[in-house]
Amino acid sequence: MTAGPIIAIDPTLCTGCGRCAAVCPVGAVSGPDGQAKTIDAARCVLCGQCVQLCAAFAAPFDEPPHDVAAICRERGRPETAGPVFAAYSRCDLAAAQALAADASKVAMVQCAPAVRVTLAEEFGLPPGTLTPGKLAAALRRLGFAAVYDTTFAADVTIMEESAELLSRLDSGAALPLFTSCCPAWVRHVETAWPKLIPHLSSCKSPQQMAGALFKSYAAALDGIDPARVASLSVMPCTAKKYEAARPELRSREAGLADVDVVLTVAELAVWLKEAGIDLPGLPDEPFDAPLGRYSGAGVIFGGSGGVMEAALRTAVAVVDGGAACAPQSGIVFEPAGPGLSRAEFTLGGRALAAVVVNGLANAAPLLAAVAEGRADFQFMEVMCCPGGCVAGGGTPKLLPGVDVAAAVAARREALSCHDRELPVRMSHENPAVVQLYAAFLEKPLSHRSHELLHTVYGGAGQGRGEEGQD
């Protein structure tokens, strides 16, 4: 993993416009009007929204001129990666290329659901262009031995998290259950609301589950030593770089890091262009099996509300024996405030309520209700970035004048269309997931799944898990 801060602001380029401070969901960016901004590293959740919005860059008419080549070397990014902005995320491209080229390793790569609806924008195609087949082909052209999909692990996450919800309802454990797929949200709970950590699902995120399965299940299928597996991921999210480095998110079974290097969508685009790979011109190819097979439920993880809908699809089908409206959950969420939606429903004869928070800045009222014992819901999804992962800090940067809301909506709609077109739309019906449990994990919440796919959160609140950030 490359050293250095994951998110930073260059004071020599910052114009002090304040756009980064305004968009920060946790108030971590500050500074006097008109002067360079700074980041409170202890409060920052590493979501990269400041990077997305920053408009200050090194221009050729600057006086005195900036040494762009030197800035790029300092950030570990190639000069071909586009303009050098004041707010930036760490570039791990060189580390990824070195690991993928290591002949002593077997390189396995995964890509998050949102990557297939954002990567094409880096090649001039409109927001929301769906390219799963070309993405698989492109990663294969880069030389990866196995091209897998985080979406498979999203289906596994649903198996584990829906089982955890049902278990908590029966056992009386801490409720509401908080989803734990968004690392920025998890970090915020740990640092700002530590008393609520028991509410976080013990499930690792799909990225980490996929990495853990690379170095156990996939290694066993291929007959290779887990230590020889190089585990790389392509994510729409800068906080995923932080998550991969957390000591809590290693496989307790093998003691290995689940994910060795994380690239953003923008970094992958630079790599493809350097290699002369024209994404739009590639043929559509499938992801490799079995860890590249996925359902529509896994796909919608890329948008706000998707994890909730995917989990409820399986919970309703398992508990109520298959709903009449399957493969949808049939549970409709209604607006309940800024960035909030809520649904009340019956599951297994129990009256329940669930909430979805779209944007971390909107979570505070609900967190206060939970802390004060006033919460009247049992399940809570929070995505840090407004719109969900399709608007993450590692997605293609939208230029000034582009309608950001429309672009994010197009990306979300593309994922919804992909979900509707797939033959399997519920996680527990994914044949590759069924085989995983039959041959390897036994059942959700089994001893092996706990060893590989679950963790104990709280490290960030105790000052751990902050490697790579000032």
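Is Pro327 buried, partly exposed or exposed, and at what relative accessibility? Pro327 counts as partly exposed, because its relative accessibility is 26%, where buried means under 20% relative accessible area, exposed over 50% and partly exposed in between, with a 1.4 Å probe and protein chains only. The model is predicted, so local features need pLDDT of at least 70 and side-chain atom pairs count only at pLDDT 80 or more, while totals for chains, interfaces and linings use all residues. Residues are numbered from 1 along each chain as its sequence is written, and side-chain values use heavy atoms, with hydrogens and water left out.

- Pro327 lies in the loop between H12 and strand S10 (334–337); helices (H or I, at least four residues) and strands (E, at least two) are DSSP runs, numbered from the N terminus.
- Leaving aside residues up to four places away in sequence, Pro327 touches Arg313, Arg425 and Met426, contact meaning heavy atoms within 4.5 Å.
- The C-alpha atoms of Pro327 and Arg313 are separated by 6.8 Å, and the two residues are 14 residues apart along the chain.
- Asp419 is placed in helix H14 and counts as buried, at 4% relative accessibility.
- Not counting residues up to four places away in sequence, the contacts of Asp419 include Gly296, Ala297, Arg313 and Arg425.

**Helix H14**

- Helix H14 (residues 404–421) has 18 residues, which at 1.5 Å a residue should span 26 Å, and this agrees with its end C-alpha atoms being 26 Å apart; the expected span is 1.5 Å times one less than the number of residues.
- The buried residues of H14 are Ala407, Val408, Arg411, Ala414, Leu415, His418 and Asp419.
- These residues lie on the same side of H14, because they cover an arc of only 140° around the axis, the arc being that of the directions from the helix axis to the C-beta atoms.
- Ala405 and Glu421 are exposed on the other side of H14.
- Helix H5 (132–141), helix H11 (296–299) and helix H12 (306–320) are among the elements that cover the buried residues of H14.
- At the start of H14, a side-chain oxygen of Asp403 comes to within 3.2 Å of the backbone nitrogen of Ala405.

**Aromatic rings and charges**

- Rings of Phe, Tyr and Trp (its six-membered ring) pair if their centres lie within 6.5 Å; planes under 30 degrees apart count as stacked, over 60 as edge-to-face and the rest as tilted. By this rule there are 6 aromatic pairs.
- Tyr217 and Phe440 form a tilted pair, because their ring centres are 5.2 Å apart and their planes lie at 40°.
- This pair links distant parts of the chain, with Tyr217 in helix H8 (residues 206–222) and Phe440 in helix H15 (residues 431–441), 223 residues apart.
- Both Tyr217 and Phe440 are buried.
- Arg448 lies over the face of Phe440, at 4.2 Å from the ring centre; a charge sits over a ring if NZ of Lys or CZ of Arg is within 6 Å of the ring centre and within 35 degrees of the ring normal.
- The charged end of Lys273 sits over the ring of Phe123, 5.3 Å from its centre.

**Backbone features**

- The peptide bond from Leu175 to Pro176 is cis, with omega near 5°, and Pro176 is in the loop between helix H6 (150–171) and strand S7 (177–178).
- The peptide bond from Ala289 to Pro290 is cis, with omega near 0°.
- Leu46, although not a glycine, has a positive phi of about 65°, and Leu46 is buried, with a relative accessible area of 1%.

Definitions and conventions:
Polar contact = N/O pair within 3.5 Å; in protein donor to acceptor, adjacent residues only side chain to side chain.
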